[in-house]
Amino acid sequence: MTEFAEYVAQRHERLRRTAYLLTRDWAIAEDLVQTALAKAWVAWRRIDGNPDPYVYRIIANTHASWWRRRWRGEIPTEALPDRAVAGDFTSDVGDRDALWTAIGALSGRQRAVVVLHYFEEMTLAQVAGVLGCSIGAVKSQLGRALTRLRVDQGIQTMTGAKR
């Protein structure tokens with residue numbers, strides 16, 4: 001199983017980043033990657049060729065099943081987060097927060113398509129392979145996601161677009 005150990009050593013950070021982009025929480029992302037790698041390890045001998053599509057599919061499917069079960073109510077914190085002030089050096093942080101809020105409002109499947117296509121730079125065919133659906137379904141989900149992002153008030157404020 002040295003091949004598996006080498007794969008994990010080489011790909012762990014990239015897998016964790018992808019999981020973070022899906023979950024928007026580093027701790028949950030780490031759990032997601034560990035769960036995916038545990039599932040991949042069990043099937044490692046059956047994987048032919050490049051294991052990335054198989055592992056990304058496990059990550060996407062596991063995230064979707066966790067997302068369906070998770071309670072999405074209030075999350076208590078000790079302190080309120082700081083807000084960016086217009087014209088301040090933190091405006092980039094505010095823009096990034098607006099983008100993540102908008103991406104977080106997408107459905108799990110739409111978010112997975114956006115993350116895999118734009119952040120992981122996968123082709124539509126690769127995304128379809130990872131998610132186990134047709135290219136048409138990926139295009140449809142991507143189109144719906146981009147439409148929702150275009151009309152998102154936070155992004156319009158960020159870009160200065162008028163509604």
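The model is predicted: local features need pLDDT of at least 70, side-chain atom pairs count only at pLDDT 80 or more, and totals for chains, interfaces and linings use all residues. Residues are numbered from 1 along each chain as its sequence is written, and side-chain values use heavy atoms, with hydrogens and water left out. The protein chain has 8 helices and 0 strands, where helices (H or I, at least four residues) and strands (E, at least two) are DSSP runs numbered from the N terminus.

**Whole chain**

- Read from the N terminus, the elements of the protein chain are α-α-α-α-α-α-α-α.
- Of the 163 residues in the protein chain, 34% are buried; buried means under 20% relative accessible area, exposed over 50%, and partly exposed in between (1.4 Å probe, protein chains only).
- The protein chain has an accessible surface of about 10,400 Å², and carbon and sulfur atoms hold 54% of this surface. Accessible areas come from the Shrake-Rupley method with a 1.4 Å probe; for residues, only the protein chains shown count as cover.
- Among contacts in the protein chain with a separation of 6 or more, 58% are between residues 24 or more positions apart; contact means heavy atoms within 4.5 Å.

**Nonpolar core**

- The largest nonpolar core contains 38 residues. Such a core is a set of buried Ala, Val, Leu, Ile, Met, Phe, Trp, Tyr and Cys residues joined through side-chain atoms within 4.5 Å.
- Leu15, Leu37, Val55, Ile59, Leu116, Val127 and Leu131 have the most contacts inside this core.
- At least two residues of this core come from each of H1, H2 (26–43), H3 (52–69), H4 (91–104), H5 (108–119), H6 (124–131) and H7 (135–151).
- In soluble globular proteins, nonpolar side chains tend to be buried together.

- H1 has 22 residues and spans 29 Å from its first C-alpha to its last, close to the 32 Å expected at 1.5 Å a residue. The expected span is 1.5 Å times one less than the number of residues.
- A kink of about 55 degrees in H1 is centred on Arg11; the bend at a residue is the angle between axes fitted to the seven residues ending there and the seven starting there.
- The buried residues of H1 are Phe4, Tyr7, Arg11, His12, Leu15, Thr18, Ala19, Leu21, Leu22 and Thr23.
- His12, in H1, is buried because its relative accessible area is 17%.
- The side chains of His12 and Glu30 make a polar contact at 3.2 Å. A polar contact is a pair of N or O atoms within 3.5 Å; within protein, one must be able to donate a hydrogen and the other to accept it, and residues adjacent in sequence count only if both atoms are side-chain atoms.
- Not counting residues up to four places away in sequence, His12 touches Tyr7, Glu30, Val33, Gln34 and Leu37.
- Thr23 lies in H1 (residues 2–23) and counts as buried because its relative accessibility is 15%.
- The Thr23 side chain reaches the backbone oxygen of Asp25 at 3.2 Å.
- With neighbours within four places in sequence left aside, Thr23 contacts Ile28, Ala29, Leu32 and His63.
- Arg24, in the loop between H1 and H2, has a positive phi of about 65 degrees although it is not a glycine.
- Arg24 counts as partly exposed because its relative accessibility is 36%.

**Thr35 in helix H2**

- Thr35 is placed in H2 and counts as partly exposed because its relative accessibility is 25%.
- Thr35 and Ile58 are 23 residues apart along the chain, and their C-alpha atoms are separated by 8.7 Å.
- Leaving aside neighbours within four places in sequence, Thr35 contacts Thr62 and Trp66.

- H5 has 12 residues and reaches 15 Å from its first C-alpha to its last, close to the expected 16 Å.
- Gly108, Gln110, Arg111, Ala112, Val113, Val114, Val115 and Leu116 are the buried residues of H5.
- Leu116 contacts Thr18, Tyr56, Glu121, Met122, Val127, Val130 and Leu131, with neighbours within four places in sequence left aside.
- Glu121 lies in the loop between H5 and H6 and is exposed because its relative accessible area is 65%.
- Although not a glycine, Glu121 has a positive phi of about 55 degrees.
- Most residues other than glycine have a negative phi.
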